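Subject: Structure handover

Hello,

Here is the structure I promised to pass on. Please open it beside this note and follow along.

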Amino acid sequence: MTSRTRALLDWDAEPEEVLGSDATAQRQLAEHARILPVAEVGATVRHLGRRLLRHRGMTLLTALVVTGGAAAAAWLPRLIGGTVDIVQQGGTTDQLIHQALLIMVAGILQAVLTALGWTLVSSLGQRILAGMREDVIDRALDLPAQSMEITGIGDALSRVADDVDVTARAVNNVVPNLLQLGFYIAVTVIGMLTLSPWLLILAAVVLPLYGLSGWWYLRRTAPIYRRERIAMGARAQGLLSAIHGIPTVHAYGIERRETRHVAVLSQTAAVLGMRVMTMVTRLIKFIVWPENLAIALVLILGYAMVHVSDAPVGLVTAAALYVVSLLWPMQAMIFSLDDVQAAAASLTRMVGVIEAIDPAASPGTQRPQDASVRLEQVSHAYGEDADGIERTVLQPLDLEIAAGETIALVGASGAGKSTLAAILTGTLVPRHGRVLHGGADLARADIESIRAHASIVSQDVHVFRGTLAEDLRLARAEASEAEIWAALDRVDAAGWARDLPRGLETEVGEKGIRLSAEQSQQLALARIVLQDPAVLVLDEATADEGSSGARVLERAAWEVARGRTTVIVAHRLSQARHADRILVMADGRVVEEGPHEQLVARGGVYARLWEAWSR
């Protein structure tokens with residue numbers, strides 16, 4: 001037996017032991033567990049409570065209908081007990097017929113109200129879930145870019161797909177049944193206690209045992225379900241990574257390695273599911289005891305009620321029916337906890353994303369007053385290393401950029417250029433310090449105004465599915481056809497755009513015409529023209545040095561940058577040469593600063609870089 005197989009079968013083995021030496025799978029599992037937020041149970045309950053209040057009318061109607069169905073069901077044992085008393089006391093036929101009619105009415109009421117209650121609960125649940133589904137997607141799109149870059153898209157997709165699916169199935173099947181069982185148990189217990197004080201003994205002995213069983217099960221399985229959902233998110237990320245990298249996977253013949261990564265993550269989710277089933281088996285063994293104890297107690301108490309307190313046989317019959325009718329709902333409720341746990345784990349993950357960015361509590365109202373940018377003691381770190389020390393990528397930095405000024409960031413790979421660029425546009429929240437755009441603190445600024453004020457174009461450009469015009473109107477929905485052509489002409493893209501089969505109405509992106517890397521960059525720059533932000537960051541947007549269109553892209557980039565406050569992350573020093581100011585970065589610090597001629601004359605780091613570049 002291999003060590004991994006033993007780990008799969010070992011109840012106490014951690015998921016990391018199941019992963020064995022698969023470092024990639026371990027990293028994916030750890031990142032998903034650490035980065036994307038998961039709400040606490042209390043926060044999830046409060047969130048659901050707020051949503052129920054939004055539908056307070058339907059919530060109240062649902063509660064009344066479900067309570068009515070439970071009351072009708074709890075009425076039946078008393079009616080049957082009354083029938084026994086009528087027969088024992090030699091009652092008339094009319095009395096029996098009247099009692100039979102009451103039993104029939106109670107049965108019809110129970111059936112109708114139960115069916116209606118199930119429908120109302122499902123409908124209310126679907127309305128709430130629909131709103132949550134929209135909010136999850138909306139908030140996932142608003143998550144900080146660094147979170148998505150570090151964890152990947154797999155966990156986010158798992159939350160808007162798998163978690164929503166698990167919750168939807170629970171809303172359709174489990175929640176209505178669980179609510180009805182809960183109301184039925186509560187009403188039945190009240191009926192028992194009002195029937196005879198003797199039954200208080202039974203309730204005091206048996207009900208705590210069922211409660212103890214549920215508590216024992218919930219306490220042990222809740223963490224398992226949460227970790228299982230994390231593992232499923234990691235599995236989704238591993239699968240997406242392999243699919244997106246298919247050309248590279250085929251080129252290097254690493255199909256088996258990628259398959260193994262996904263398989264190991266699947267095994268992790270599977271072993272957690274197996275542990276839950278083991279807990280269910282243990283639970284079944286435990287709840288047999290309160291069930292048998294309840295039957296024994298009702299026989300003993302029934303004898304005592306008849307022979308000690310002279311209780312009618314009908315009353316004892318009703319008591320016995322109450323107990324028997326209570327056993328199945330108690331068992332069903334406990335067994336439903338399995339589905340409840342799965343749904344609860346998914347809900348905490350959904351609420352975690354929803355409340356990660358709360359629009360109601362979002363920073364606020366400050367708006368930029370001009371195109372200047374200022375950084376005050378801004379620094380950033382990505383997570384921690386193996387020794388628990390923060391991996392600082394940007395040292396504390398003060399920086400002033402005047403309105404309309406163009407600065408260039410140069411330095412070796414890993415110097416902190418892209419991190420600084422992302423912080424400048426607000427797509428990355430720094431660990432420390434303040435970023436101000438036109439005097440507005442990004443931490444307290446209106447998000448939409450900042451997005452309109454500052455924009456970034458990176459080397460990786462996405463062409464959205466749809467027509468060319470639709471893709472460009474993402475920047476400004478009301479842009480006219482003339483304005484679109486003007487934007488394309490400004491970035492030297494009007495020529496190839498006119499040559500497309502249907503011009504602006506040509507389908508591009510996925511399942512459409514595939515644009516080249518150069519054309520995609522021009523499209524991104526044309527969007528900037530239409531959006532017209534005051535601050536523009538070009539993060540190696542023209543870095544394709546080997547492209548025959550590199551000069552075209554550089555001209556387009558400078559044309560788009562004209563009149564704006566611009567930050568250029570320069571891949572080639574020729575891009576930095578014409579900037580008003582150059583910041584030379586190394587190890588997360590600005591080591592030199594000034595215009596091109598001054599830095600060259602200084603003979604420092606930039607001068608050596610320029611000399612090597614110019615050879």
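Start at the surface. I97, L101, M104, I108 and V112 form a nonpolar patch there, with about 460 Å² of accessible area together. Patches are built from residues with over 30% relative accessible area and no salt bridge; nonpolar side chains (Val, Leu, Ile, Met, Phe, Trp, Tyr) are joined within 5 Å, like charges within 9 Å. Accessible areas come from the Shrake-Rupley method with a 1.4 Å probe, and for residues only the protein chains shown count as cover. I108 sits in helix α6, residues 93–142. Its relative accessible area is 47%, so I108 is partly exposed. Buried means under 20% relative accessible area, exposed means over 50%, and partly exposed is in between (1.4 Å probe, protein chains only). Helices (H or I, at least four residues) and strands (E, at least two) are DSSP runs, numbered from the N terminus.

A word on the source. This is a predicted model: local features need pLDDT of at least 70, side-chain atom pairs count only at pLDDT 80 or more, and totals for chains, interfaces and linings use all residues. Residues are numbered from 1 along each chain as its sequence is written, and side-chain values use heavy atoms, with hydrogens and water left out.

**The chain as a whole**

The chain has 22 helices and 12 strands. Of its 615 residues, 47% are buried. Contact means heavy atoms within 4.5 Å. Take the contacts between residues at least 6 apart in sequence: 78% of them join residues at least 24 apart.

**A charged patch**

The surface also carries a patch of positive charge, where R219, R220, R282 and K285 gather. Helices α9 (199–244) and α11 (255–307) are the elements that give two or more residues to this positive patch. For charges, Lys and Arg count as positive and Asp and Glu as negative; His and the chain ends are not counted. The place of a charge is taken as NZ of Lys, CZ of Arg, CG of Asp or CD of Glu. R282 belongs to helix α11. It is partly exposed, at 41% relative accessible area.

**Salt bridges**

How many salt bridges does a search of the whole structure find? The count is 13. A salt bridge is a side-chain nitrogen of Lys or Arg within 4 Å of a carboxyl oxygen of Asp or Glu.

R51 pairs with D135, with the closest N and O atoms 2.4 Å apart. R51 is in helix α4 (residues 41–54) and D135 in helix α6, so the bridge ties together parts 84 residues apart in sequence. Both R51 and D135 are buried.

E405 pairs with R581, and here the closest N and O atoms are 2.8 Å apart. E405 lies in the loop between β2 (390–401) and β3 (406–411), and R581 lies in strand β11 (residues 581–586), so this pair ties together parts 176 residues apart in sequence. E405 is buried at 15% relative accessible area. R581 is buried at 13%.

D471 bridges to R527, with the closest N and O atoms 2.4 Å apart. This pair links distant parts of the chain: D471 is in helix α15 (residues 468–472) and R527 in helix α18 (residues 517–531), 56 residues apart. D471 and R527 are both buried.

Salt bridges link R374, E376, E400, R434, D441 and R444.

**Buried spots to look at**

Helix α13 (residues 417–425) is largely enclosed by the rest of the structure, because 8 of its 9 residues are buried. Among them are L420, I423 and L424. Just after α13, G426 takes a positive phi of about 90°.

Y184 is in helix α8, residues 154–195. It is buried, with a relative accessible area of 14%. Y184 and G69 are 115 residues apart in sequence, yet 7.9 Å apart in space, C-alpha to C-alpha. Leaving out residues up to four places away in sequence, Y184 touches A70, A73, A74, S325 and P329.

T348 lies in helix α12, residues 313–354. At 4% relative accessibility it counts as buried. Setting aside neighbours within four places in sequence, T348 is in contact with V38, A39, T44 and R226.

Best wishes
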